[in-house]
Amino acid sequence: MSAGPEIERLIQLLAKLPGLGPRSARRAALHLVKKRDLVMAPLAAALQAAMDTITVCRVCGNLDSKNPCTVCSDPRRDPSTIVVVADVADLWALERAKAVNARYHVLGGTLSPLDGVGPDDLAIASLVTRAHDPAIGEVILALDATVDGQTTAHYVTELLADANVKVTGLAHGVPVGGELDYLDEGTLTQAIRSRTTMG
């Protein structure tokens with residue numbers, strides 16, 4: 001060990017964060033230690049505050065310091081539409097893009113038999129309950145275009161068949177700025193199938 005046990009422990013914990021390997025964790029730890037007052041102390045306080053206040057929204061599954069969360073309690077949101085996402089990161093991505101002004105439902109993952117993730121491991125039952133509310137008119141399945149994402153979308157669609165809601169999914173295909181020559185066959189095929197009327 002080239003450092004004391006406290007620093008080594010800091011490096012080990014930082015290395016558990018996504019995107020940080022052992023070398024990046026060492027650089028981050030060194031930066032934190034060198035900038036103790038400027039970065040480390042405020043970071044420690046922010047982590048403690050997050051631990052003390054952040055909770056899972058009882059309505060949608062978002063993470064927030066309010067319960068129901070800021071999105072669920074926003075009166076400007078369209079209360080008739082629920083956007084279903086696999087993870088909170090997906091919710092945050094849609095919010096960053098300002099893509100939709102609706103309410104959300106976080107499933108907590110996607111169905112994955114190989115990983116042992118079944119319907120009971122996800123927040124599917126609470127989604128079905130919410131979708132049966134007469135005030136809900138549409139459920140948008142904003143799930144990944146992966147096998148697990150599409151399997152989950154198909155499963156949820158079947159469960160919502162008797163609810164009086166329109167179930168829609170995201171269009172998949174050519175990304176904005178994408179050149180056809182660089183796209184894979186699956187993306188091109190889906191783009192043709194999901195084509196829209198021009199003009």
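**Figure 1. Lining of the largest pocket in the predicted model.** Residues are numbered from 1 along each chain as its sequence is written, and side-chain values use heavy atoms, with hydrogens and water left out. The lining consists of Leu10, Leu13, Leu14, Leu17, Leu32, Met40, Leu43, Ala44 and Leu47. Two or more of the lining residues come from each of α1 (5–14) and α3 (36–53), and α3 gives the most, with 4 residues. Helices (H or I, at least four residues) and strands (E, at least two) are DSSP runs, numbered from the N terminus. The space in this pocket amounts to about 200 Å³. A pocket is an open set of points on a 1 Å grid over the protein atoms alone, where a 1.4 Å probe fits, with protein on both sides within 12 Å along at least five of seven lines; lining residues have an atom within 4 Å of a point. Grid points are joined across faces, edges and corners, and a volume is the space filled by probe spheres set on the points.

Figure 2. Strand β3 (residues 78–85) and β4 run parallel and are joined by 5 bridges; strands pair if DSSP finds at least two bridges between them. Ile82 has Arg103 in β4 as its bridge partner. Together with helix α4 (residues 88–96), β3 and β4 make a right-handed β-α-β unit; right-handed means that, with the strands pointing away from the viewer, the path from the first strand over the helix to the second runs clockwise. Strand β4 (residues 102–106) is largely enclosed by the rest of the structure, because 5 of its 5 residues are buried (buried, under 20% relative accessible area; exposed, over 50%; partly exposed, in between; 1.4 Å probe, protein chains only). Val83, found in strand β3, counts as buried because its relative accessibility is 3%. In the loop between α4 and β4 lies Lys98, whose phi is near 50°, a positive value in a residue other than glycine. Lys98 has 72% relative accessibility and therefore counts as exposed.

Figure 3. Strands β5 (residues 138–141) and β6 (residues 166–169) run parallel, with 4 bridges joining them. Leu141 stands opposite Gly169 in β6. A right-handed β-α-β unit is made by β5, helix α6 (residues 147–159) and β6.

**Figure 4. The largest nonpolar core.** This core has 19 residues, and those with the most contacts inside it are Val84, Leu107, Ile124, Leu127, Val139, Leu141 and Leu160. Two or more residues come from each of β3, α5 (124–131), β5 and α6, with α5 giving the most, 4 residues. A nonpolar core is a set of buried Ala, Val, Leu, Ile, Met, Phe, Trp, Tyr and Cys residues joined through side-chain atoms within 4.5 Å.

**Figure 5. Two prolines in loops.** Pro68 is found in the loop between β2 (63–64) and β3, and the peptide bond from Asn67 to Pro68 is cis, with omega near 5°. Pro175 is located in the loop between β6 and α7 (185–193) and is partly exposed, at 43% relative accessible area.

Definitions and conventions:
Predicted model: local features only at pLDDT ≥ 70, side-chain atom pairs only at ≥ 80, totals over all residues.
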